[in-house]
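I opened this notebook to keep track of what I looked up in the structure, entry by entry.

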Amino acid sequence: MNIFEKAVAFAMKAHEGQRRKDGGVYILHPLEDATIVGTMTDDLELLAAAVLHDTVEDTDTTLEEIEENFGPRVAELVSHETENKRPHLDPKDTWEIRKKESLEVLKNSPIESKMLWVGDKLSNMRSLTRGYDAIGELVFQRFNVTDPRKQCWYHGKVLEYTKELSHYPAYKEYKTLYKMVFSDYIQEED
């Protein structure tokens, strides 16, 4: 079993029984993320990190466990995608600070981490677009922050900080979906 296959098995166990905000089976998101990243690289450690990207943030898995099972590089890549969720506070109250902290990490991350971010956010944007197509702006009620302008700001910053990937189809799709969902909120064209 290679490192990616081991990561898939690990992530499936870690996310067992979890659901996404749209009600979908959770594991499909990290698998989709890895599939998207796979359009940009065949680096198995990077693909492993893609499928593991939410294990520390959304399960009881620790970065130490990731490092022990997958090595320091995979653990470092996963750490770049892991927010400090501040579990003792209401997620609605910490959303903006968590996003700003994450964006600072993204801004200074290596290209491999930026690939993970594009994979993750494109997967999220695909889900958001499906919801938007089905129920319009009510889709934002699924999130901790329901103001579409704040969601627009966040995704716009992710696109800005990953623009060196703009030649990849995944980045182009992410940007297209962003413009479609947030067309009423985008302040300026880039």
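I listed the buried residues of α3 and found Leu-46, Leu-47, Ala-48, Ala-49, Ala-50, Val-51 and Leu-52; I note here that the model is a predicted one. Since 7 of the 9 residues of this helix (residues 44-52) are buried, I describe α3 as largely enclosed by the rest of the structure. I then asked which helices the buried residues of α3 pack against, and the search returned α1 (3-14), α2 (28-37), α4 (55-58), α5, α6 (72-80) and α8.

Entry, Arg-73 and its partners. I looked up the side chain of Arg-73 and found that it meets Asp-43 in a salt bridge, with 2.7 Å from N to O. This pair links distant parts of the chain, as Arg-73 belongs to helix α6 and Asp-43 to the loop between α2 and α3, 30 residues apart. Arg-73 also forms a salt bridge with Glu-45, where the closest N and O atoms are 2.9 Å apart; here too distant parts of the chain are linked, with Glu-45 in helix α3 and Arg-73 in helix α6, 28 residues apart. For accessibility I noted that Arg-73 is partly exposed at 30%, that Glu-45 is partly exposed at 30%, and that Asp-43 is partly exposed at 23%.

Entry, other salt bridges. My search of the whole structure gave 13 salt bridges, and I followed up Glu-160 with Lys-157, whose closest N and O atoms are 3.3 Å apart. Because these two residues are 3 apart in helix α9, about one helical turn separates Glu-160 from Lys-157. I recorded Glu-160 as partly exposed at 36% relative accessibility and Lys-157 as partly exposed at 25%. I also found Glu-32, Arg-126 and Glu-173 linked in a network of salt bridges.

Entry, a charged patch. I noted a negative surface patch formed by Asp-60, Glu-64, Glu-65, Glu-67 and Glu-68. I checked Glu-67, which lies in helix α5 (residues 63-70) and is partly exposed, with a relative accessible area of 41%.

Entry, two single residues. Leu-138, in the loop between α8 (111-135) and α9 (148-161), is exposed, with a relative accessible area of 57%. From C-alpha to C-alpha, Leu-138 and Pro-148 are 9.9 Å apart in space and 10 residues apart in sequence.

Definitions and conventions. Residues are numbered from 1 along each chain as its sequence is written. This is a predicted model: local features need pLDDT of at least 70, side-chain atom pairs count only at pLDDT 80 or more; totals for chains, interfaces and linings use all residues. Side-chain values use heavy atoms; hydrogens and water are left out. Patches are made of residues with over 30% relative accessible area and no salt bridge: like charges are joined within 9 Å, nonpolar side chains (Val, Leu, Ile, Met, Phe, Trp, Tyr) within 5 Å. Accessible areas come from the Shrake-Rupley method with a 1.4 Å probe; for residues, only the protein chains shown count as cover. A salt bridge is a side-chain nitrogen of Lys or Arg within 4 Å of a carboxyl oxygen of Asp or Glu. Lys and Arg count as positive and Asp and Glu as negative; His and the chain ends are not counted. The place of a charge is taken as NZ of Lys, CZ of Arg, CG of Asp or CD of Glu. Helices (H or I, at least four residues) and strands (E, at least two) are DSSP runs, numbered from the N terminus. Buried means under 20% relative accessible area, exposed over 50%, partly exposed in between (1.4 Å probe, protein chains only). Contact means heavy atoms within 4.5 Å.
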